[in-house]
Amino acid sequence: MAVQGVIDRYRPLLNIPEYTQTVTLLEGSTPLIPMPKIAEVLGKGCKVWVKFEGLNPTGSFKDRGMTVAISEAVGRGAKAVICASTGNTAASAAAYAARSGLRAIVLIPKGKVAAGKLAGAVAYGADVFQINGSFDDALSLVVEISNRTPIALVNSLNPFRLEGQKTAAFEICDELGFSPDWLCLPVGNAGNISSYWMGFKEYNELKGTPKPRILGVQAEGSAPLVLGHPVENPETIATAIRIGKPARGEQALEAAEESNGRIISVSDDAILSAQCMLAASGVWVEPASAAGLAGLLHEIKAGKFNADGKKITIVCTGHGMKDPDIIAHSMPAPRLITARAEDLEAAILGEK
Ligand code: F0G
(Lines give C-alpha, C1' and ligand atoms only; values in the text may rest on other atoms or scores of the structure.)
Protein backbone atom coordinates (compact mmCIF):
# COMPACT_ATOMS: atom_id res chain seq x y z
CA MET A 1 0.00 0.00 0.00
CA ALA A 2 1.37 3.39 -0.99
CA VAL A 3 1.93 5.80 1.88
CA GLN A 4 -1.20 7.85 2.45
CA GLY A 5 -2.25 10.65 4.72
CA VAL A 6 -5.38 10.22 6.81
CA ILE A 7 -7.71 11.90 4.30
CA ASP A 8 -6.77 9.55 1.46
CA ARG A 9 -6.74 6.55 3.73
CA TYR A 10 -10.17 7.12 5.26
CA ARG A 11 -11.93 9.63 3.00
CA PRO A 12 -15.28 7.75 2.73
CA LEU A 13 -15.50 7.69 6.54
CA LEU A 14 -14.79 11.38 7.03
CA ASN A 15 -17.60 13.86 7.30
CA ILE A 16 -15.99 16.59 5.22
CA PRO A 17 -17.26 18.86 2.44
CA GLU A 18 -16.79 18.10 -1.26
CA TYR A 19 -14.78 21.28 -1.67
CA THR A 20 -12.04 20.04 0.69
CA GLN A 21 -8.63 20.31 -0.99
CA THR A 22 -6.24 17.83 0.54
CA VAL A 23 -3.16 19.29 2.20
CA THR A 24 -1.12 16.45 3.64
CA LEU A 25 2.28 15.63 5.08
CA LEU A 26 1.41 11.92 4.98
CA GLU A 27 0.44 11.97 8.64
CA GLY A 28 -1.14 9.02 10.45
CA SER A 29 -0.44 5.29 10.03
CA THR A 30 1.65 5.56 13.19
CA PRO A 31 3.01 2.40 14.77
CA LEU A 32 1.19 0.43 17.41
CA ILE A 33 4.13 -0.74 19.45
CA PRO A 34 3.82 -3.84 21.69
CA MET A 35 5.05 -3.11 25.24
CA PRO A 36 5.70 -6.51 26.85
CA LYS A 37 7.83 -5.19 29.75
CA ILE A 38 5.09 -2.78 30.79
CA ALA A 39 2.38 -5.42 30.31
CA GLU A 40 4.22 -7.64 32.79
CA VAL A 41 4.10 -4.89 35.41
CA LEU A 42 0.41 -4.13 34.85
CA GLY A 43 -1.15 -7.57 35.14
CA LYS A 44 -1.07 -11.26 34.34
CA GLY A 45 -1.58 -12.14 30.70
CA CYS A 46 -2.36 -8.60 29.72
CA LYS A 47 -1.31 -7.12 26.40
CA VAL A 48 -0.24 -3.52 26.00
CA TRP A 49 0.40 -1.44 22.91
CA VAL A 50 1.50 2.15 22.59
CA LYS A 51 -0.04 4.08 19.72
CA PHE A 52 2.97 6.32 19.16
CA GLU A 53 1.52 9.52 17.80
CA GLY A 54 4.83 11.31 18.35
CA LEU A 55 5.85 9.80 15.02
CA ASN A 56 3.55 12.06 13.02
CA PRO A 57 5.27 14.63 10.75
CA THR A 58 5.39 17.43 13.31
CA GLY A 59 5.81 15.11 16.28
CA SER A 60 2.27 14.92 17.65
CA PHE A 61 -1.24 13.61 16.98
CA LYS A 62 -2.35 17.13 16.05
CA ASP A 63 -1.33 16.47 12.43
CA ARG A 64 -4.28 14.12 11.96
CA GLY A 65 -6.75 16.87 12.74
CA MET A 66 -4.74 19.63 11.13
CA THR A 67 -4.58 17.99 7.70
CA VAL A 68 -8.39 18.00 7.65
CA ALA A 69 -8.89 21.45 9.18
CA ILE A 70 -6.41 23.08 6.80
CA SER A 71 -7.70 21.14 3.79
CA GLU A 72 -11.21 22.37 4.51
CA ALA A 73 -9.99 25.93 5.07
CA VAL A 74 -8.07 25.92 1.78
CA GLY A 75 -11.05 24.45 -0.08
CA ARG A 76 -13.30 27.22 1.11
CA GLY A 77 -10.78 29.87 0.17
CA ALA A 78 -9.42 30.90 3.58
CA LYS A 79 -6.20 32.89 3.45
CA ALA A 80 -5.18 32.61 7.09
CA VAL A 81 -5.68 30.31 10.08
CA ILE A 82 -5.43 31.01 13.78
CA CYS A 83 -5.12 28.91 16.92
CA ALA A 84 -4.31 29.11 20.60
CA SER A 85 -1.90 26.46 21.72
CA THR A 86 0.12 24.85 24.43
CA GLY A 87 2.57 24.16 21.59
CA ASN A 88 1.75 21.13 19.48
CA THR A 89 -1.29 22.58 17.75
CA ALA A 90 0.79 25.65 16.94
CA ALA A 91 3.57 23.64 15.32
CA SER A 92 1.11 21.51 13.38
CA ALA A 93 -1.01 24.44 12.17
CA ALA A 94 2.17 26.23 11.12
CA ALA A 95 3.43 23.25 9.12
CA TYR A 96 0.18 22.57 7.24
CA ALA A 97 -0.36 26.28 6.63
CA ALA A 98 3.17 26.56 5.24
CA ARG A 99 2.51 23.65 2.92
CA SER A 100 -0.61 25.24 1.52
CA GLY A 101 0.59 28.86 1.43
CA LEU A 102 -1.78 30.08 4.14
CA ARG A 103 -0.74 32.48 6.84
CA ALA A 104 -0.65 30.85 10.30
CA ILE A 105 -1.19 32.96 13.40
CA VAL A 106 -0.63 31.28 16.74
CA LEU A 107 -1.14 32.51 20.27
CA ILE A 108 0.65 30.86 23.16
CA PRO A 109 0.94 31.30 26.94
CA LYS A 110 4.29 32.96 27.58
CA GLY A 111 6.89 30.76 29.25
CA LYS A 112 4.68 27.66 29.19
CA VAL A 113 5.43 26.17 25.82
CA ALA A 114 8.15 23.52 25.46
CA ALA A 115 11.17 24.47 23.36
CA GLY A 116 10.67 21.88 20.60
CA LYS A 117 7.15 23.09 19.94
CA LEU A 118 7.87 26.80 19.82
CA ALA A 119 10.90 26.16 17.61
CA GLY A 120 8.69 24.20 15.23
CA ALA A 121 6.07 26.93 14.96
CA VAL A 122 8.79 29.49 14.25
CA ALA A 123 10.63 27.25 11.79
CA TYR A 124 7.47 26.61 9.77
CA GLY A 125 7.01 30.35 9.52
CA ALA A 126 4.00 31.06 11.71
CA ASP A 127 3.33 34.48 13.20
CA VAL A 128 3.77 33.60 16.85
CA PHE A 129 2.35 35.85 19.57
CA GLN A 130 2.48 35.20 23.30
CA ILE A 131 0.38 36.51 26.18
CA ASN A 132 0.88 36.79 29.88
CA GLY A 133 -2.00 34.46 30.47
CA SER A 134 -3.09 30.85 30.15
CA PHE A 135 -4.02 28.70 27.18
CA ASP A 136 -7.65 29.27 28.14
CA ASP A 137 -7.20 33.05 27.86
CA ALA A 138 -5.51 32.58 24.50
CA LEU A 139 -8.31 30.36 23.25
CA SER A 140 -11.01 32.88 24.06
CA LEU A 141 -9.04 35.57 22.22
CA VAL A 142 -8.61 33.55 19.04
CA VAL A 143 -12.25 32.48 19.08
CA GLU A 144 -13.21 36.15 19.22
CA ILE A 145 -10.89 37.05 16.34
CA SER A 146 -12.14 34.18 14.19
CA ASN A 147 -15.72 35.38 14.79
CA ARG A 148 -14.81 38.92 13.77
CA THR A 149 -12.62 38.20 10.74
CA PRO A 150 -12.39 35.66 7.90
CA ILE A 151 -9.43 33.98 9.65
CA ALA A 152 -10.23 30.27 10.13
CA LEU A 153 -10.04 28.82 13.64
CA VAL A 154 -8.12 25.53 13.74
CA ASN A 155 -8.40 24.66 17.42
CA SER A 156 -10.38 21.52 18.20
CA LEU A 157 -13.58 23.58 18.41
CA ASN A 158 -13.30 23.23 14.64
CA PRO A 159 -15.25 20.01 13.92
CA PHE A 160 -12.90 19.03 11.08
CA ARG A 161 -10.08 18.59 13.59
CA LEU A 162 -12.10 15.82 15.24
CA GLU A 163 -12.88 14.23 11.88
CA GLY A 164 -9.15 13.84 11.30
CA GLN A 165 -8.26 12.74 14.80
CA LYS A 166 -10.87 9.99 14.89
CA THR A 167 -8.78 8.12 12.28
CA ALA A 168 -6.43 7.02 15.06
CA ALA A 169 -9.25 4.86 16.45
CA PHE A 170 -9.81 3.37 12.98
CA GLU A 171 -6.12 2.57 12.66
CA ILE A 172 -6.02 0.80 16.02
CA CYS A 173 -8.97 -1.43 15.07
CA ASP A 174 -7.62 -2.05 11.56
CA GLU A 175 -4.20 -3.00 12.83
CA LEU A 176 -5.24 -5.20 15.73
CA GLY A 177 -8.19 -6.70 13.91
CA PHE A 178 -10.20 -5.96 17.08
CA SER A 179 -10.53 -3.07 19.50
CA PRO A 180 -8.69 -3.04 22.82
CA ASP A 181 -10.59 -3.47 26.09
CA TRP A 182 -9.26 -0.14 27.30
CA LEU A 183 -7.84 2.98 25.69
CA CYS A 184 -5.83 5.28 27.97
CA LEU A 185 -4.90 8.81 26.98
CA PRO A 186 -4.16 12.30 28.29
CA VAL A 187 -6.91 14.93 28.35
CA GLY A 188 -6.30 18.65 27.92
CA ASN A 189 -8.68 20.63 25.76
CA ALA A 190 -10.53 17.32 25.36
CA GLY A 191 -10.65 17.17 21.57
CA ASN A 192 -8.69 13.96 21.32
CA ILE A 193 -10.70 11.84 23.74
CA SER A 194 -13.85 13.05 21.94
CA SER A 195 -12.36 12.14 18.56
CA TYR A 196 -11.33 8.64 19.63
CA TRP A 197 -14.75 7.96 21.03
CA MET A 198 -16.36 9.17 17.79
CA GLY A 199 -14.06 6.90 15.81
CA PHE A 200 -14.71 3.81 17.92
CA LYS A 201 -18.46 4.41 17.86
CA GLU A 202 -18.45 4.79 14.09
CA TYR A 203 -16.45 1.58 13.59
CA ASN A 204 -18.82 -0.16 15.94
CA GLU A 205 -21.80 0.92 13.83
CA LEU A 206 -20.10 0.17 10.53
CA LYS A 207 -18.26 -3.04 11.27
CA GLY A 208 -19.49 -4.22 14.63
CA THR A 209 -16.05 -3.72 16.21
CA PRO A 210 -16.60 -3.64 19.99
CA LYS A 211 -15.96 -0.29 21.67
CA PRO A 212 -13.19 0.06 24.25
CA ARG A 213 -13.61 1.61 27.67
CA ILE A 214 -11.81 4.91 27.91
CA LEU A 215 -9.54 6.10 30.68
CA GLY A 216 -8.89 9.83 30.26
CA VAL A 217 -6.12 11.31 32.38
CA GLN A 218 -5.59 14.90 33.47
CA ALA A 219 -2.76 16.35 35.54
CA GLU A 220 -3.74 17.02 39.16
CA GLY A 221 -3.10 20.76 38.90
CA SER A 222 -5.15 21.03 35.70
CA ALA A 223 -8.04 18.68 36.27
CA PRO A 224 -11.29 20.56 35.61
CA LEU A 225 -13.10 17.45 34.38
CA VAL A 226 -12.26 15.56 37.56
CA LEU A 227 -13.03 18.48 39.87
CA GLY A 228 -16.24 19.32 38.01
CA HIS A 229 -15.38 23.00 37.59
CA PRO A 230 -12.96 25.17 35.62
CA VAL A 231 -9.49 25.72 37.05
CA GLU A 232 -8.48 29.40 36.95
CA ASN A 233 -4.73 28.92 37.24
CA PRO A 234 -3.91 25.48 35.91
CA GLU A 235 -0.43 24.17 36.63
CA THR A 236 1.48 21.06 35.63
CA ILE A 237 4.87 20.09 34.33
CA ALA A 238 2.99 18.48 31.43
CA THR A 239 2.50 21.86 29.76
CA ALA A 240 0.65 20.34 26.78
CA ILE A 241 -2.33 19.66 29.05
CA ARG A 242 -2.06 22.74 31.24
CA ILE A 243 -5.68 23.67 30.53
CA GLY A 244 -8.35 24.80 32.98
CA LYS A 245 -11.43 25.17 30.74
CA PRO A 246 -11.48 22.42 28.12
CA ALA A 247 -13.40 23.42 25.00
CA ARG A 248 -14.68 19.86 24.50
CA GLY A 249 -15.19 19.13 28.19
CA GLU A 250 -18.83 18.03 27.90
CA GLN A 251 -18.05 15.68 25.06
CA ALA A 252 -15.12 14.21 26.98
CA LEU A 253 -17.30 13.47 29.99
CA GLU A 254 -19.83 11.84 27.68
CA ALA A 255 -17.11 9.70 26.09
CA ALA A 256 -15.98 8.52 29.52
CA GLU A 257 -19.52 7.78 30.65
CA GLU A 258 -20.82 6.16 27.47
CA SER A 259 -17.75 3.95 27.23
CA ASN A 260 -18.13 2.88 30.84
CA GLY A 261 -14.73 4.40 31.52
CA ARG A 262 -13.66 7.45 33.51
CA ILE A 263 -11.53 10.55 33.69
CA ILE A 264 -9.05 10.73 36.55
CA SER A 265 -6.10 12.87 37.55
CA VAL A 266 -2.51 12.03 38.47
CA SER A 267 0.37 13.93 40.03
CA ASP A 268 3.25 15.41 38.05
CA ASP A 269 5.57 12.92 39.77
CA ALA A 270 3.43 10.05 38.52
CA ILE A 271 3.56 11.50 35.00
CA LEU A 272 7.34 11.83 35.11
CA SER A 273 7.83 8.31 36.39
CA ALA A 274 5.54 6.91 33.67
CA GLN A 275 7.61 8.89 31.17
CA CYS A 276 10.76 7.16 32.46
CA MET A 277 9.04 3.78 32.34
CA LEU A 278 8.12 4.26 28.68
CA ALA A 279 11.64 5.46 27.88
CA ALA A 280 13.00 2.32 29.55
CA SER A 281 11.16 0.39 26.83
CA GLY A 282 12.62 2.61 24.11
CA VAL A 283 9.66 4.95 23.67
CA TRP A 284 10.49 8.52 24.64
CA VAL A 285 7.42 10.71 24.86
CA GLU A 286 6.77 14.19 26.13
CA PRO A 287 5.43 14.40 29.71
CA ALA A 288 1.74 14.88 28.83
CA SER A 289 1.94 11.81 26.62
CA ALA A 290 2.88 9.66 29.59
CA ALA A 291 -0.31 10.60 31.45
CA GLY A 292 -2.26 7.63 30.02
CA LEU A 293 0.20 5.13 31.48
CA ALA A 294 0.45 7.13 34.71
CA GLY A 295 -3.34 6.95 35.04
CA LEU A 296 -3.39 3.23 34.45
CA LEU A 297 -0.68 2.62 37.08
CA HIS A 298 -2.55 4.88 39.49
CA GLU A 299 -5.80 2.94 39.09
CA ILE A 300 -4.11 -0.45 39.41
CA LYS A 301 -2.32 0.67 42.58
CA ALA A 302 -5.59 1.96 44.04
CA GLY A 303 -7.19 -1.44 43.35
CA LYS A 304 -9.65 0.13 40.90
CA PHE A 305 -8.40 -1.58 37.77
CA ASN A 306 -7.69 -5.22 37.14
CA ALA A 307 -5.44 -5.44 34.10
CA ASP A 308 -5.18 -9.25 34.13
CA GLY A 309 -5.90 -10.63 30.68
CA LYS A 310 -6.83 -7.20 29.33
CA LYS A 311 -5.84 -5.72 25.99
CA ILE A 312 -4.83 -2.13 26.55
CA THR A 313 -3.80 0.62 24.16
CA ILE A 314 -1.97 3.60 25.57
CA VAL A 315 -2.00 6.67 23.35
CA CYS A 316 1.30 8.53 23.47
CA THR A 317 0.39 11.81 21.89
CA GLY A 318 3.72 13.60 21.39
CA HIS A 319 7.42 12.86 20.97
CA GLY A 320 9.93 13.30 23.80
CA MET A 321 12.02 15.59 21.62
CA LYS A 322 9.28 18.19 21.87
CA ASP A 323 10.24 18.89 25.46
CA PRO A 324 13.98 18.36 25.86
CA ASP A 325 14.21 20.53 28.99
CA ILE A 326 12.56 17.78 30.94
CA ILE A 327 16.00 16.35 31.58
CA ALA A 328 16.51 19.21 33.99
CA HIS A 329 13.46 18.11 35.98
CA SER A 330 13.34 14.37 36.08
CA MET A 331 16.40 12.78 34.61
CA PRO A 332 20.00 12.89 35.79
CA ALA A 333 22.36 15.14 33.83
CA PRO A 334 25.30 13.32 32.22
CA ARG A 335 28.27 12.86 34.51
CA LEU A 336 31.28 15.02 33.67
CA ILE A 337 34.58 13.19 33.44
CA THR A 338 38.04 14.22 32.29
CA ALA A 339 38.84 13.53 28.65
CA ARG A 340 41.11 10.55 29.35
CA ALA A 341 40.55 6.93 28.42
CA GLU A 342 41.48 5.75 31.94
CA ASP A 343 38.85 8.01 33.45
CA LEU A 344 36.23 6.91 30.97
CA GLU A 345 37.09 3.27 31.67
CA ALA A 346 36.94 3.82 35.41
CA ALA A 347 33.63 5.64 35.09
CA ILE A 348 32.17 2.80 32.99
CA LEU A 349 33.35 0.20 35.49
CA GLY A 350 31.93 2.30 38.31
CA GLU A 351 35.29 2.80 40.02
CA LYS A 352 35.04 6.55 40.30
N1 F0G B 1 -0.99 15.38 24.52
C2 F0G B 1 -0.31 16.33 23.87
C3 F0G B 1 1.11 16.07 23.54
C4 F0G B 1 -0.94 17.55 23.54
O5 F0G B 1 -0.25 18.49 22.90
C6 F0G B 1 -2.29 17.75 23.91
C7 F0G B 1 -2.97 18.99 23.59
C8 F0G B 1 -2.95 16.70 24.56
C9 F0G B 1 -2.26 15.54 24.85
C10 F0G B 1 -4.36 16.81 24.96
O11 F0G B 1 -5.22 16.69 23.86
O12 F0G B 1 -6.35 18.86 24.06
O13 F0G B 1 -7.24 17.07 22.60
O14 F0G B 1 -7.32 16.84 25.08
N15 F0G B 1 -2.40 20.01 23.13
C16 F0G B 1 -3.10 21.21 22.65
C17 F0G B 1 -2.12 22.14 21.94
C18 F0G B 1 -3.96 21.85 23.63
O19 F0G B 1 -2.35 23.35 21.91
O20 F0G B 1 -1.15 21.65 21.39
P21 F0G B 1 -6.63 17.40 23.90
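Predicted model: local features only at pLDDT ≥ 70, side-chain atom pairs only at ≥ 80, totals over all residues.
**Entry 1**

Six of them form an open sheet with mixed pairing, and I read their order as 1-2-10-7-8-9. I then looked for the edges. Strand 1 (32-34) and strand 9 (262-266) are the edge strands, each pairing on one side only. On average, and with direction ignored, neighbouring strands here are turned by 25 degrees against each other.

Strand 2 (residues 47-52) and strand 10 (residues 311-316) run parallel and are joined by six bridges. I looked up tryptophan 49 and found that its bridge partner in strand 10 is threonine 313.

I found another open sheet, of four strands, with the order 5-4-3-6 and parallel pairing. Its edge strands are strand 5 (127-131) and strand 6 (152-153), and each pairs on one side only. Strand 4 (residues 103-109) pairs with strand 5 in the parallel sense over five bridges. For proline 109, I noted isoleucine 131 as the bridge partner in strand 5.

Next I checked helix 6. Helix 6 lies across strand 3 (80-84), strand 4, strand 5 and strand 6, and runs at about 155 degrees to strand 3.

Helix 13 lies across strand 7 (182-186), strand 8 (213-219), strand 9 and strand 10, at about 95 degrees to strand 9.

How do helix 12 and helix 13 pack, and at what angle? I found an angle of about 105 degrees, with the axes 8 Å apart. Angles of 65 to 115 degrees count as roughly perpendicular, so helix 12 is roughly perpendicular to helix 13. On the helix 12 side I listed Ala270, Ile271, Ala274, Met277 and Leu278 as contact residues, and on the helix 13 side Ala291, Leu293, Ala294 and Leu297. I sorted the residues of this contact by type and got nine nonpolar, no polar and no charged.

**Entry 1: salt bridges**

I turned to charged side chains. Side chains of opposite charge can pair when their charged atoms come close. The model has 17 salt bridges, and I looked at some of them in turn.

Glutamate 171 forms a salt bridge with arginine 9, with the closest N and O atoms 3.7 Å apart. Glutamate 171 is in helix 8 (residues 167-176) and arginine 9 in helix 1 (residues 6-10), so this pair ties together parts that are 162 residues apart in sequence.

Lysine 117 and glutamate 286 meet in a salt bridge at 2.6 Å, N to O. Lysine 117 lies in helix 5 (residues 115-123), and glutamate 286 in the loop between helix 12 (268-279) and helix 13 (291-301), so the pair ties together parts 169 residues apart in sequence. I noted that both lysine 117 and glutamate 286 are buried.

Arginine 148 and glutamate 144 meet in a salt bridge at 2.5 Å, N to O. Both lie in helix 6 (residues 135-148), four residues apart, about one turn of the helix. Arginine 148 is exposed at 61% relative accessibility, and glutamate 144 is partly exposed at 39%.

Last, I traced shared partners. Salt bridges that share partners join Arg9, Lys51, Glu53, Arg64 and Glu171 into one network.

Note on methods
Residues numbered from 1 in each chain as written. Heavy atoms only, no water. Salt bridge = Lys/Arg side-chain N within 4 Å of Asp/Glu carboxyl O. Helix = DSSP H or I, 4+ residues; strand = E, 2+ residues; numbered from the N terminus. Buried < 20%, exposed > 50% of the residue type's maximum accessible area, 1.4 Å probe, protein only. Axes fitted to C-alpha atoms, helices over the stretch in contact; angles between N-to-C directions. Parallel < 35°, antiparallel > 145°, perpendicular 65-115°, else oblique. Contact = heavy atoms within 4.5 Å. Nonpolar A, V, L, I, M, F, W, Y, C, P; charged D, E, K, R; others polar. Pairing = 2+ DSSP bridges.
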